[in-house]
Amino acid sequence: MGDQTPDLWKPPLKSYRCTYSRAWIDVKHLYELNVTETEKAALGEMLDTCDS
């Protein structure tokens with residue numbers, strides 16, 4: 001599971017999805033990696049679970 005992208009796998013614990021998506025974005029930014037459109041959509045859905 002750890003080798004799958006956010007569009008293929010989401011943390012089963014919905015309360016962790018905000019943290020997970022932010023961490024995924026941080027790693028992509030740190031290593032200057034591209035984000036696919038499907039990843040972007042999945043990450044956007046997970047970011048919508050954030051309180052602020």
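**A disulfide, a ring cluster and a surface patch**

Taking a disulfide to be a pair of cysteine sulfur atoms within 2.5 Å, the count comes to one disulfide. The structure is a predicted model, in which local features need pLDDT of at least 70 and side-chain atom pairs count only at pLDDT 80 or more, while totals for chains, interfaces and linings use all residues. Residues are numbered from 1 along each chain as its sequence is written, and side-chain values use heavy atoms, with hydrogens and water left out.

The bond in question joins Cys18 to Cys50, with an S to S distance of 2.0 Å. Because the torsion about the S-S bond of Cys18 and Cys50 is about 105 degrees, this disulfide is right-handed. Cys18 lies in helix 1 (residues 17–30), whereas Cys50 lies in the segment after helix 2 (37–47), so the pair ties together parts that are 32 residues apart in sequence; helices here are DSSP runs of H or I with at least four residues, numbered from the N terminus. Both Cys18 and Cys50 are buried, where buried means under 20% relative accessible area, exposed means over 50%, and partly exposed covers what lies in between, with a 1.4 Å probe and protein chains only.

A search of the whole structure finds two aromatic pairs, a pair being rings of Phe, Tyr and Trp (its six-membered ring) with centres within 6.5 Å, counted as stacked when the planes are under 30 degrees apart, as edge-to-face when over 60, and as tilted for the rest. The rings of Trp9 and Tyr20 have centres 5.5 Å apart and planes at 75 degrees, so this pair is edge-to-face. Since Trp9 lies in the segment before helix 1 and Tyr20 in helix 1, the contact ties together parts that are eleven residues apart in sequence. Tyr20 and Trp24 form a tilted pair, with 6.1 Å centre to centre and 35 degrees between the planes. Both of these residues, Tyr20 and Trp24, lie in helix 1, four residues apart, which is about one turn of the helix. Tyr20 is buried, with a relative accessible area of 13%, and Trp24 is buried as well. Through these ring pairs, Trp9, Tyr20 and Trp24 are linked into a cluster.

On the surface, Val27, Leu30, Tyr31 and Leu33 form a nonpolar patch with about 440 Å² of accessible area together. Val27, one of these residues, has its place in helix 1 and is partly exposed, with a relative accessible area of 44%.

Key:
Helix = DSSP H or I, 4+ residues; strand = E, 2+ residues; numbered from the N terminus. Patch = residues over 30% accessible without salt bridge, like charges linked within 9 Å, V, L, I, M, F, W, Y side chains within 5 Å. Areas by Shrake-Rupley, 256 points an atom, 1.4 Å probe, with all protein chains shown as cover. Salt bridge = Lys/Arg side-chain N within 4 Å of Asp/Glu carboxyl O.
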